[in-house]
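Hi,

Here is the structure I promised to pass on to you. Have a look at it first, and then read my notes below.

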Amino acid sequence: MISLFTAEGLAGLVFLFIVAVTIGGALIAVNSIRLPRAITGLAISFVGVAGLYYFLNSPFVAVMEMLIYVGAVCVTIVFAIMLADPGDEQRVGRRSAIGAPVAFGVGALLFWGLALLGINTMWPAAAARVSDGSVKDIGHSLVTTYGMVFELISLVLLLAIIGSLVLARAGRSKS
Amino acid sequence: MSILNLSNILEIYLAIAALLFGIGVYGMLYQRTLIGMLISSELILAGASLNFMAFSRFLAPDPTTGQIFTLFIMGVAAAEAAIALSIIIAVYRNYKSIDTEDVAGLQG
């Protein structure tokens with residue numbers, strides 16, 4: 001039994017808080033009718049996921065999660081909401097009446113099945129570590145083992161930039 | 001095993017990842033607008049990344065593998081978000097709406 005007033009106990013308390021932030025933010029993101037609220041929930045949820053990454057011994061990925069998701073992806077979606085404002089008067093009417101229970105059922109079934117699978121499986125014992133997963137090791141792997149993938153992802157990002165510029169330009173009038 | 005020791009258990013992370021995935025699928029079916037569905041797909045990707053990170057922390061011999069895979073998932077997700085948002089803006093120009101019920105030009 002860990003006491004609450006030790007470093008481990010406080011870390012456990014912070015972990016519970018981070019889990020609550022993650023789940024609560026995700027629920028806000030999917031249940032909001034107004035899109036700005038949904039995007040705020042998504043940002044909150046990603047802050048929580050970054051905290052979970054920190055607890056998984058990878059502070060570098062946690063920082064990248066904050067930078068890329070909270071800083072870039074969410075802001076980009078906010079810009080898209082600004083450009084394509086859906087005028088929130090008729091937002092009340094949802095899908096057909098059967099839609100929400102079916103969606104909830106499918107989501108709950110997937111969660112139940114996946115969580116049960118993860119908990120009931122006897123995972124093999126951890127193998128011997130060949131590295132400790134530090135930032136230095138990540139950098140070494142990125143330029144040696146995963147060098148080809150690293151180059152390819154930069155190509156994918158370049159194509160995405162060009163493609164999104166072309167797509168967003170296409171419907172604009174020539175004036 | 002006390003409730004304050006949960007951050008060192010693999011199954012807890014798997015359950016959280018499964019919950020994020022389930023919430024994402026629920027939102028994908030429940031949300032009506034295209035941007036809402038994009039937000040839900042980001043949640044699904046977050047659940048998948050969390051699974052990779054948990055296995056790489058607890059079971060893998062080389063913990064860098066999962067972290068690098070998660071970084072690549074982030075890169076692909078950023079590209080996907082950029083493309084999807086420009087498609088949404090193009091759709092909005094044509095239909096003056098991002099509601100999935102209104103974008104029915106191919107309906108027979």
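Let's start with Cys74(A), which lies in helix 3 of chain A. (Helices here are DSSP runs of H or I with at least four residues, strands are E runs of at least two, and both are numbered from the N terminus.) Cys74(A) is buried, with a relative accessible area of 5%. "Buried" means under 20% relative accessible area, "exposed" means over 50%, and "partly exposed" is in between, using a 1.4 Å probe and the protein chains only. If you leave aside neighbours within four places in sequence, Cys74(A) is in contact (heavy atoms within 4.5 Å) with Ile39(A), Leu42(A), Ala43(A), Phe46(A) and Tyr69(A). Leu10(A) sits 64 residues from Cys74(A) along the chain, and their C-alpha atoms are separated by 30 Å.

Before you go further, some ground rules. This is a predicted model, where local features need pLDDT of at least 70, side-chain atom pairs count only at pLDDT 80 or more, and totals for chains, interfaces and linings use all residues. Residues are numbered from 1 along each chain as its sequence is written, chains are lettered from A and ligands numbered from 1 in the order in which they are written, and side-chain values use heavy atoms, with hydrogens and water left out.

How confident is the predictor? The model scores ipTM 0.89 and pTM 0.88. For chain B, the mean pLDDT (the predictor's confidence in each residue, from 0 to 100) is 87, and 98% of its residues reach 70 or more.

Now chain A as a whole. It has six helices and zero strands, so you can read its pattern along the sequence as α-α-α-α-α-α. Of its 175 residues, 31% count as buried. Among contacts in chain A with a separation of 6 or more, 49% are between residues 24 or more positions apart. Chain A exposes about 10700 Å², and carbon and sulfur atoms supply 75% of that; the areas come from the Shrake-Rupley method with a 1.4 Å probe, and for residues only the protein chains shown count as cover.

One loop is worth a click: Asn57(A) is between helix 2 (35-55) and helix 3 (59-83) of chain A. Its phi is near 65 degrees, a positive value in a residue other than glycine. Most residues other than glycine have a negative phi.

Over in chain B, Ile16(B) lies in helix 1. Is Ile16(B) buried or exposed? Ile16(B) is buried, at 6% relative accessible area. Leaving aside neighbours within four places in sequence, its contacts include Phe15(A), Val19(A), Ile23(A) and Leu52(A), along with Leu50(B). Tyr30(B) is also in helix 1 of chain B, and it counts as buried because its relative accessibility is 16%.

Last, the largest pocket, which holds about 200 Å³ of space. Of the 14 residues that line it, the closest to its centre are Leu114(A), Leu117(A), Gly118(A), Leu14(B) and Asn51(B). (A pocket is an open set of points on a 1 Å grid over the protein atoms alone, where a 1.4 Å probe fits, with protein on both sides within 12 Å along at least five of seven lines; lining residues have an atom within 4 Å of a point.) Helix 4 (99-120) of chain A, plus helix 1 (10-30) and helix 2 (34-58) of chain B, each supply at least two lining residues. The lining has ten nonpolar residues, four polar and no charged.

Cheers

How values were computed:
Points joined across faces, edges and corners; volume = space filled by probe spheres on them. Nonpolar A, V, L, I, M, F, W, Y, C, P; charged D, E, K, R; others polar.
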